Every structure is written in C-alpha cells, then in structure tokens.
Amino acid sequence: MKTPRTLTPESALSLLQPGMRVFVHAGPSECMTFIEALKANPERARGVEFVGVFIPGLNTTDYSALAPDARIASTFVSPPFAEAFAAGRLRYLPKAYSGFAGTLARMKLDLAVLRVSPPGPDGRMSFGLNQDYAPIAARTAQRILAFVDQSMPHIAGEPGLRREDCDAIVEIDEPLRPFPAATASGTLEKVGVNASKLIRDGDTIQIGIGKVQSAVLANLFDRKHLGLHSGMIDDAIAALMDKGVLDNSAKSADRGVGVTGMAIGTQATWTCAQRPDMRFHSAAYTHAAGVISSQDNFVAINSAIEVDLLGQCNAEMLAGRQISGAGGFHDFQRGAAGSNGGRSIVALP
C-alpha cells in the first residue's frame with residue numbers, strides 16, 4: 001500500500017522529467033493551480049509530452065509553448081492550439097472518443113495529473129466534473145499526482161481514487177469555472193425548432209456542445225419521459241431535468257438513470273451532476289456503440305460545418321484547416337443507426 005506524499009503545487013512539479021508522457025485532466029476539470037505553477041516554473045515542462053482531450057471553447061492552455069521541447073498530444077485542434085499544430089509541437093490524434101478510450105488504455109503514461117474531489121463517505125475521491133478519460137488514465141499511468149480540490153463536488157460514477165492509489169497529493173481549493181450554455185438567435189433558433197420536431201416522447205437523447213444543440217433543447221419542454229445517454233450535460237439538460245421532462249423512465253437500458261461523462265455549465269449543471277439519478281462513466285461506456293445501440297429510440301443531436309449531397313458530414317475542417325476533432329460525433333451517429341427506432345440529427349444552418 002502506497003503512502004502518498006503531500007506536496008505544494010510548486011514542489012509537485014519535481015515529478016515532471018524530460019522525456020515523460022503526462023496525462024492532464026482537461027474539460028471542466030482542467031487544474032489551473034497546476035497550470036499556474038508550470039507557468040511560474042516553465043523549465044519543468046521541458047521535454048514533456050502533455051496528453052489530454054482539450055475541449056474546444058473550454059481549454060486554451062498551450063503546454064507546448066511553456067518550454068523548449070515541450071509537446072502536446074490531443075484529439076482536438078482548436079484555434080488556441082493552431083500555432084502549436086502548425087509548428088509541429090502538437091501531435092494530433094485523429095480518434096473518436098471511443099477509439100481514444102482504447103488508445104489511452106494501451107498508452108505508456110508516466111504520470112497522470114488529476115483534479116479530484118475530497119474523499120466521500122466510502123473514502124474514495126471522485127473524478128468530479130469530468131470522468132471521460134481520467135479513470136482510464138488512472139489505471140494506465142505509472143504514477144498519479146492528485147490535486148484534491150475542496151471545491152470539486154463528489155459525483156457518483158466511476159470508482160474514483162483512494163489516497164493510497166496516489167503517489168502524491170496536493171490539497172487545493174480552486175473555484176469551479178463556469179461555462180454558460182451558448183444562446184442561439186436568428187437562423188439558429190429556427191434550426192432548433194425544426195430539429196426538435198424529430199424528437200418524440202420517451203426518446204433517449206444525446207447532445208454535443210454548441211449553440212445549435214442548445215437551440216434544439218430549448219424546444220423540448222413540452223415532451224414527456226425523455227432519457228439521457230450523452231458524453232456531456234450542460235445548463236440546458238439541467239433545466240429539462242429540473243422540469244421533469246427528462247426523467248429517464250422510458251429508457252431500455254440504465255432505466256431511471258441519466259448517463260453522462262462530463263458536466264460543462266454553471267451552478268445549475270453542477271447541482272444536476274450530483275442528483276441521485278445521474279451516473280458518470282468513462283468514454284469506454286458512454287461512447288461504446290453496443291451500449292448506445294442498446295437504447296431503443298436513441299436520438300443523437302449534433303452539429304456540423306457542412307454536409308454534402310450524399311450526407312457526408314464535415315465537423316472538423318474549415319478552409320482546409322483542422323479546427324476541431326472527431327469527438328463523439330461518429331460514435332453517437334453509429335449508435336443511433338443501430339438503435340431500434342434510433343435517429344441521428346445533424347443540425348446546421
């Protein structure tokens with residue numbers, strides 16, 4: 001049994017060494033305390049490859065710019081990382097969420113830097129607001145550096161960590177960062193109205209991130225007994241759950257429980273994430289085609305940049321430049337295609 005060292009953010013950087021591959025918690029669980037410590041002592045990033053799923057619109061820190069020979073490996077290439085990608089400092093991993101779950105499980109990771117909740121009643125520290133890849137990295141990495149955040153809610157889902165699972169612990173109290181749902185107007189409002197007509201009472205829905213998806217959800221308050229199986233939840237999902245529209249009572253699998261991997265929003269979303277009828281899982285479950293297709297009447301709701309006359313969708317490239325990544329788009333489309341009564345909605349102007 002390990003006895004983890006208790007370190008300061010500054011002394012924790014001693015765990016980083018050139019040549020290491022380090023997984024960093026991203027999405028809404030990105031640890032700014034760790035990032036600020038690195039910015040104050042950037043030499044510690046020298047020669048390190050930082051691996052993460054850096055969500056467009058949420059994560060903007062270019063680890064590769066901190067020190068010579070620092071690198072990033074990511075499944076997304078959003079605008080803040082365009083320079084690193086063009087300069088060869090970012091290794092793009094062209095994987096959908098389900099595919100990267102398998103890749104990460106086989107990847108040699110020297111260290112996982114995770115932001116977790118304080119211990120719950122069973123002594124385990126929850127993976128908190130983002131449980132898509134943290135559980136996989138925790139099982140794969142040779143060593144674990146846990147930032148135990150007093151502000152991080154203890155959220156039911158993946159098993160989490162015990163203190164003895166960690167090599168080092170840093171106690172912090174870092175406020176959660178709010179990410180309000182984008183509001184649609186004009187044409188996008190009309191897109192939302194049209195797309196919402198394809199969703200029926202009792203359907204199980206999935207949403208991606210963005211204005212179009214929020215516009216669709218805004219038109220579902222007259223539906224009954226919707227279910228949730230999604231890679232993320234936001235304020236719009238929280239509102240549907242609060243109103244009893246989304247009660248998960250008609251699901252053919254995980255009945256009575258909303259399933260997700262990540263919470264991106266404000267206090268409304270964080271409160272929703274802690275509901276007893278919510279369960280968080282890693283991407284190996286939320287994005288698995290077999291799991292998704294086992295849901296009858298599963299409806300995937302995503303957006304794209306362009307669609308051709310054969311129905312082929314582009315959600316990653318603009319004017320020949322990589323601006324995003326595969327994400328869960330393909331996984332949920334495939335799952336919807338295999339679902340009894342399933343539908344995949346691609347909404348765009």
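Modeller: Keep in mind that the model is predicted.

Biologist: What makes Asn 297 partly exposed?

Modeller: Buried is under 20%, exposed is over 50%, and partly exposed lies in between. Asn 297 is at 28%, so it counts as partly exposed. Asn 297 also has a positive phi, about 55 degrees, although it is not a glycine. You will find Asn 297 in the loop between α11 (289-293) and β13.

Biologist: How do you know that the radius of gyration of the protein chain agrees with a compact globule?

Modeller: For 349 residues, a compact globule would have a radius near 20 Å. The protein chain has 20 Å, so the two agree. Along its principal axes the C-alpha trace spans about 55 × 50 × 35 Å. Buried residues make up 56% of the 349 residues.

Biologist: Which residues have the most contacts inside the largest nonpolar core?

Modeller: Leu 114 and Tyr 133 do, in a core of 72 residues. Helix α8 (residues 235-242) gives the most to this core, with five residues. Another core lies apart from it, with 34 residues, including Leu 13 and Phe 54.

Biologist: Why would nonpolar side chains gather like that?

Modeller: In soluble globular proteins, nonpolar side chains tend to be buried together.

Biologist: What does Leu 114 touch, leaving out residues up to four places away in sequence?

Modeller: Among its partners are Phe 23, His 25, Phe 127, Ile 144 and Leu 161.

Biologist: What is the volume of the largest pocket, and which residues are closest to its centre?

Modeller: The volume is about 860 Å³. Of the 37 lining residues, the closest to the centre are Phe 76, Ile 209, Gln 213, Ser 303 and Ser 324.

Biologist: Which element gives the largest share of that lining?

Modeller: α12 does, with four residues.

Biologist: How does the lining of the largest pocket divide by residue type?

Modeller: The lining has 19 nonpolar, 16 polar and two charged residues.

Methods. Residues are numbered from 1 along each chain as its sequence is written. This is a predicted model: local features need pLDDT of at least 70, side-chain atom pairs count only at pLDDT 80 or more; totals for chains, interfaces and linings use all residues. Side-chain values use heavy atoms; hydrogens and water are left out. On a 1 Å grid over the protein atoms alone, a cavity is a set of points where a 1.4 Å probe fits but cannot get out, and a pocket is an open set with protein on both sides within 12 Å along at least five of seven lines; lining residues have an atom within 4 Å of a point. Grid points are joined across faces, edges and corners, and a volume is the space filled by probe spheres set on the points. Helices (H or I, at least four residues) and strands (E, at least two) are DSSP runs, numbered from the N terminus. Ala, Val, Leu, Ile, Met, Phe, Trp, Tyr, Cys and Pro count as nonpolar, Asp, Glu, Lys and Arg as charged, and the others, Gly among them, as polar. Buried means under 20% relative accessible area, exposed over 50%, partly exposed in between (1.4 Å probe, protein chains only). A nonpolar core is a set of buried Ala, Val, Leu, Ile, Met, Phe, Trp, Tyr and Cys residues joined through side-chain atoms within 4.5 Å. Contact means heavy atoms within 4.5 Å. The radius of gyration is taken over C-alpha atoms; the globule rule is 2.2 Å times the number of residues to the power 0.38.
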